[in-house]
Amino acid sequence: MLFASTIALAETPVKDGANDGGQIDTKTEVEEYILHHIQDSHDFHLFSYTNDAGERKHIGFPLPVIIWTSNGLTTFMSSEFHHDDSGQVIVEKNGLKFTKIHSKIYELDAGASTVAFDEDHHATNAHKVLDFSITKSVVGVLLIGLLMFVWFSRLAKQYKKKAIPTGFGRVLEPLVLYVRDEIARPNIGEKHYRRFTGYLMTVFFFIWILNLLGLTPFGFNVTGQLAVTACLAIFTLIIYTASGNKDYWMHILWMPGVPILIRPVLALIELAGALIIKPFSLLVRLFANISAGHIVVMSLIAIMFTLKKSLGVVGATSLSLVLSFFITLIEVLVAFLQAYIFTMLSALFIGMAVAEHDHDHDHDDHGHEIPDAEDVRADFI
Amino acid sequence: MDKLLNDFSPGLFVVQTILLLLLIFLMVKFAWKPILNSLNEREEGIQDALDAAEKAKLEMQNLQADNDKLLKEARAEREAMLKEARELKNKMIDDAKTEAQTQANNMIAQAQAAIESEKKSAMAELKSHVSSLSIEIAEKVVRQELSNKDKQFELVESMLGDAKLN
């Protein structure tokens, strides 16, 4: 698998119009290629090659582009951009002109026929549109969603016939039990965990399988998309905010056992923690880990080209193979770890929101720290 | 940060939200709920079976204990019966012995009484005999005396010697 991915990446050229030769040899080209890869893309690109006539051929398939423009909803196939990603190709649809720059679709202002750039390479006469396209990430999500649905609904059907699953169900059952018994149950508590297990399991398998898919040569980077991790984090935020009980809100807004004057300050901090910091840490952790993993693996593969001069072909290739092999192994672990951490923290946050506080126990915990805690708490109870 | 914000695609966010909602709904309805229910049922089934086995074991133990108790009771009863029989036997022997003793004593007493009465009657007969004899002697003495005084004395003395011999 790794060897295949090495070959595929080695032969895949950058799709930037500026780099149509297809060869990636220099450090800048490698950087550009990596940054391009970790972005979402509008077509499903498998590999490219240069034919005998010196023409660049791209193998893959186009995906539908669905955008909300100033003239309403517009759809066309991404093949109309002809793999251009630098604003060179202009597509005319619905009386409007569109172009694609760095994986983002821009609508040209009225009257403009080509894209003008300022010195920071920002388009000056075009603006971004709301892009609901079936991008590569959406394909990945659909694929994994379908896969999960097929796997687990078949497992569910197996239980109707007999108590012990057979075949692939035997692999899935321990995973389901793992999420239930190691993540949901201990963090949320015996009383409430059943309500949230469905969400936690969906998220766990969704993230894990997508992380693993990202390690294949198909080059998905779904869990490395901010929009995807943000969506996941916001789901967790909504769930624990909606299911927070009286105790939870009391501890956020009017912390018992603390001098009155400090309470508003604490409330601000707690609110920021619950509504911003927790989901932000969730979304950034997943995004950064997966993106970083992709960048590291690709950089190590790129050693093959960048160090060719100093180490020779054999030296650079073997160094690259050994390093990227080990990092890929670690990435397999990280794929699971990040899914586990995301699900575990979600379960923990939900558990904190639905926890029923044992006040007698709290007395012992806080009584020593704050002398007048007993009096304040007595009012609270 | 600028680059990150530029990379953030609101459209993808919306699509992902819809897809995730759909996925969660479908998975919960068609996969997680039936799977978790089945797993729970299975676990409860296993727990029930274990409990039943434990209960059966306890019952078995109780039964065993009951059996042991019954056996012990039966043994004790047998012992008691044996003991009673032995006591009864001893008592019967003792009773028979004492009765025999008393009967023997009675018989001895009767025999002694009979001997005593025989002896008394014999003595009485002897006495009457002696008296009649002595009267006879006295009659003869008186007759002799009437004839010869010396001879009378001799006669009395010989008579008395005779009487002594009797």
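Predicted model: local features only at pLDDT ≥ 70, side-chain atom pairs only at ≥ 80, totals over all residues.

1. Where the two chains meet, chain A contributes 35 residues and chain B contributes 28 residues. On the side of chain A that touches chain B, at least two residues each are supplied by strand E9 (130-131), helix H3 (136-161), helix H4 (169-188), helix H5 (193-214) and helix H6 (226-242) of chain A. H3(A) provides the largest share, 12 residues. By residue type, this side of chain A comprises 22 nonpolar, 10 polar and three charged residues.

2. In chain A, strand E1 (residues 43-50) is joined to strand E2 (residues 56-62) by seven bridges in the antiparallel sense. Phe44(A) is found opposite Phe61(A) of E2(A). The hairpin formed by E1(A) and E2(A) has five residues between the strands, and Gly54(A) adopts a positive phi near 80° there.

3. Chain A also holds an open sheet of four strands, with the order E5-E6-E7-E8 and antiparallel pairing. Strand E5 (91-93) and strand E8 (126-128) of chain A are its edge strands, each pairing on one side only. On average, neighbouring strands of this sheet are turned by 40° against each other, direction ignored.

4. Within that sheet, three bridges link E5(A) with strand E6 (residues 96-101) of chain A in the antiparallel sense. Lys93(A) has Leu96(A) in E6(A) as its bridge partner.

5. An unreviewed UniProt entry lists residues 36-91 of chain B as "coiled-coil region". In the model, residues 36-91 of chain B are 100% helix and 0% strand, with the end C-alpha atoms 80 Å apart.

Conventions: Residues numbered from 1 in each chain as written. Chains lettered and ligands numbered in written order. Contact = placed C-beta atoms within 7 Å. Nonpolar A, V, L, I, M, F, W, Y, C, P; charged D, E, K, R; others polar. Pairing = 2+ DSSP bridges. UniProt positions renumbered as here; feature names shortened; annotations may be inferred. Axes fitted to C-alpha atoms, helices over the stretch in contact; angles between N-to-C directions.
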